[in-house]
Amino acid sequence: TDETNEFYEPSSARQVFSGNEKIFICLQTDFLVAGSKITAKWYNPEGQVMLETPLEISKSFYETSWVAFSFESAEKDPLAPGPYKVEIFYNEEKFNEYLF
């Protein structure tokens, strides 16, 4: 999505973005345990990692909630067109990947 609310829920699902938009990947989670780690790895069209955004869970949370990771290009240097990818890891194990 290109926008979240105060609870990090996505405003709408999208797969196509312009080169200068902020891009969010929003994950609905259940029962996050302290010490766990969620990481988003953002890839460019050539398959190179552009950014890793790790999140370490410091306090257990036993309810359904949302977690959001974001990526945006430098204002004067927009992202080139092409297929990008973000991979989500939970405790260093790949959980899923999403193309945009």
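The model is predicted, so local features need pLDDT of at least 70 and side-chain atom pairs count only at pLDDT 80 or more, while totals for chains, interfaces and linings use all residues. Residues are numbered from 1 along each chain as its sequence is written, and side-chain values use heavy atoms, with hydrogens and water left out.

**Pockets**

Rolling a probe the size of a water molecule over the atoms shows where empty space is left. A pocket here is an open set of points on a 1 Å grid over the protein atoms alone, where a 1.4 Å probe fits, with protein on both sides within 12 Å along at least five of seven lines; its lining residues have an atom within 4 Å of a point. The largest pocket holds about 240 Å³ of space, a volume being the space filled by probe spheres set on the points, which are joined across faces, edges and corners. Its lining has 17 residues, of which T1, R14, F24, I25 and Y98 lie nearest the centre. Two or more of the lining residues come from each of strand 1 (23-29) and strand 6 (93-99), strands being DSSP runs of E with at least two residues, numbered from the N terminus. Strand 1 gives the largest share, four residues. By class, this lining has 13 nonpolar, three polar and one charged residues, where Ala, Val, Leu, Ile, Met, Phe, Trp, Tyr, Cys and Pro count as nonpolar, Asp, Glu, Lys and Arg as charged, and the others, Gly among them, as polar.

The second largest pocket holds about 190 Å³, and its lining includes L27, D30, F31, I88 and F95. The elements that give two or more residues to this lining are strand 1 and strand 5 (85-90), and by class there are eight nonpolar, two polar and one charged residues.

**Surface patch and backbone**

Y62, in the loop between strand 3 (49-56) and strand 4 (65-71), is exposed at 54% relative accessible area, exposed meaning over 50%, buried under 20% and partly exposed in between.

Most residues other than glycine have a negative phi. F31, in the loop between strand 1 and strand 2 (37-43), has a positive phi of about 55 degrees, and E92, in the loop between strand 5 and strand 6, has one of about 70 degrees.

**Salt bridges**

| Pair | Closest N and O atoms |
|---|---|
| K37 and E92 | 3.4 Å |
| E97 and K85 | 3.9 Å |
| K94 and E87 | 3.1 Å |

Because K37 lies in strand 2 and E92 in the loop between strand 5 and strand 6, their pair ties together parts that are 55 residues apart in sequence. Salt bridges that share partners join K85, E87, K94 and E97 into one network, in which E87 is buried at 8% relative accessible area, whereas K94 is partly exposed at 42%.

Notes: Buried means under 20% relative accessible area, exposed over 50%, partly exposed in between (1.4 Å probe, protein chains only). A salt bridge is a side-chain nitrogen of Lys or Arg within 4 Å of a carboxyl oxygen of Asp or Glu.
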